[in-house]
Amino acid sequence: MSYAIETVNLTHYYSKGTVQQVAAINDVNLQIEKGELVGIIGHTGSGKSTLISHFNGLLKPDSGKVLVDGEDIWKNKETLRQSRFKVGLCFQYPEYQLFEETVYKDIAFGPKNMKLSEAEIKERVLRAAEFTGVKPEHLGKSPFDLSGGEKRRAAIAGVMSMEPQVLIFDEPAAGLDPKGRKDLVELIKNYRKQTGSTVIIVSHSMEDIAGMADRIIVMNNSTVAMQGSVDEVYSRGDELRSMGLNVPEITEIFAKLRAKGINVPANVYTVEQGENILRTLLKGGAAV
Amino acid sequence: MIRDITIGQYYPGKSVLHRLDPRMKLILTFGLIVVIFLCKSFFSLGLIALTAVFAAIISRVPAKMILKSLKPIVIILLFTAVLNIIYTEGGTVYFEKWGIAITEKGINTAIFTMIRIVSLVVISSLLTYTTTPTMLTDAIERLLSPLKIFKIKVHTLAMMMTLALRFIPTLIEEIDRIMNAQKARGADLESGGLVQRAKALVPIFIPLMVSAFRRAYELAFAMTCRCYTGGEGRTRMKQMKLKFRDFAALFFLVAVTAGVIFLNIKFEAVI
Ligand SMILES: Nc1ncnc2c1ncn2[C@@H]1O[C@H](COP(=O)(O)OP(=O)(O)O)[C@@H](O)[C@H]1O
Ligand SMILES: [Mg+2]
């Protein structure tokens, strides 16, 4: 079986041929399995956004290849077009892409570009709206009349309605309050559970990703610095720190507890997990 | 990438031209442009061309950059040259067929106009190469400040110009971002006829407008918070003072003008 997305020696320069030429990503080789939920982390400027913009052909590689579903997306015009529909990309601050008169029409923009039938479009819009929690009474409203959080949901629905095989979120929680973040994580988890599609989440917040990713890819200086399961990556705290990243605060707290001789596990990445362990500990039970 | 377009083509440097008072540079540029149109003979025009070359050399802006500023006008140059050759008649006839005559006067006029346009572009692009847009608007504000007596809000106009220039790169970045977001939703910006393409711009244009207004409000708010109330009673951080070199430059302009007038009288006019 082919990978959902595969890159082969992928390299991209910005401002090519000028003095400011920089390799934003350099010789990246990645495989993303179908149905996987992958987190991509890295400090600002490490090349995350550039990398994912190659997955649906928004950027053309300067060298190397991008394979979606085993097919080189730059083979011809049709493969490129198909890659846009197979790989849905939800940019940072997606609410700034809203433009239609009504929320409904905006969510329908993608499916319409796919040349689907009216009935199919309607079905998809309603499904995406339900997934993202866009209220039915908002569908007829102008997207500019919604609140910030509601706009974000509507915009995410606009990408989800294309029902791509791979859905990518670039910093989806940026600018949201803690509740908004939590809701969003739930939303993504839910979407994954129900559709079984491949999901890629780009973030520099380790906490958000820890709770949901099957695998983590760490970008540093335009290349892939590490990849592996959450445990594997987060156990290398010192290396992460040297790349300008931090392990989640809760992990730090547990490391300190361990240093004090309290018998708690080291692999705690979310507050929820930590809370459960502490509760059992306080009740006198053994830590799991 | 749309971002690679350069606007406000300042070329950083420390040459005499860079250090010249921007007000004086504006006056010099306009002065020279007027003088270019006073030229009548090849000799006076030659003096201007020499001046342009001289200014380009002392500006230390690489020749490559200056040629780049000429690139957009190549078509116009060729076009005017052809028109001049075809439509101007007089003097020795070199070629005549199909009702088209190529004459000595036609060729002279064509060459003359070409040199004139090139000098014009070189001189005015030297102004923008050696002066930052902010310095330029600042200079315009000061030069126009006498208009205040006619109740024209010179400061406001200059501030608007500065802000507009400042936001060009930001808006270009924004367009880039929005275009990518809509392309990711399958928007097709490249194919179709004129109407279809114009329609395809709607998903770009509306978010752009929305964000431009949002930015404008935010900026106005931020400026108010920092007690900006317009030009009234504002002092400046950077004072402009005319120095010796500025007067020397002015003298240079006067000398060139005198030279042009002298050569105009002394030699036969081309046009
Ligand atoms: N459009 C662009 N033009 C020039 N340089 C860019 C552009 N976009 C990003 N870069 C540069 O490429 C590098 C990687 O950027 P990016 O992929 O946005 O990183 P991240 O998403 O990890 O913050 C950075 O050094 C950034 O400055
Ligand atoms: Mg980014």
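How many salt bridges does the rule find across the interface of chain A and chain B? One. A salt bridge here is a side-chain nitrogen of Lys or Arg within 4 Å of a carboxyl oxygen of Asp or Glu. B:Arg185 pairs with A:Asp106, and their closest N and O atoms are 2.9 Å apart.

Some ground rules. This is a predicted model, where local features need pLDDT of at least 70, side-chain atom pairs count only at pLDDT 80 or more, and totals for chains, interfaces and linings use all residues. Side-chain values use heavy atoms, without hydrogens and water; residues are numbered from 1 along each chain as its sequence is written, and chains are lettered from A, ligands numbered from 1, in the order in which they are written.

Now the interface. On chain A, 21 residues are in contact with 17 residues of chain B; contact means heavy atoms within 4.5 Å. About 1,600 Å² is buried between chain A and chain B, and carbon and sulfur atoms give 63% of that. Buried area is the accessible area (1.4 Å probe) that two parts lose on being put together, summed over both.

Next, the second largest pocket. A pocket is an open set of points on a 1 Å grid over the protein atoms alone, where a 1.4 Å probe fits, with protein on both sides within 12 Å along at least five of seven lines; lining residues have an atom within 4 Å of a point. This one holds about 1,100 Å³ of space. Its lining has 35 residues. B:Gly186, B:Ala187, B:Asp188, B:Leu189 and B:Glu190 lie nearest the centre.

Technical notes: Points joined across faces, edges and corners; volume = space filled by probe spheres on them.
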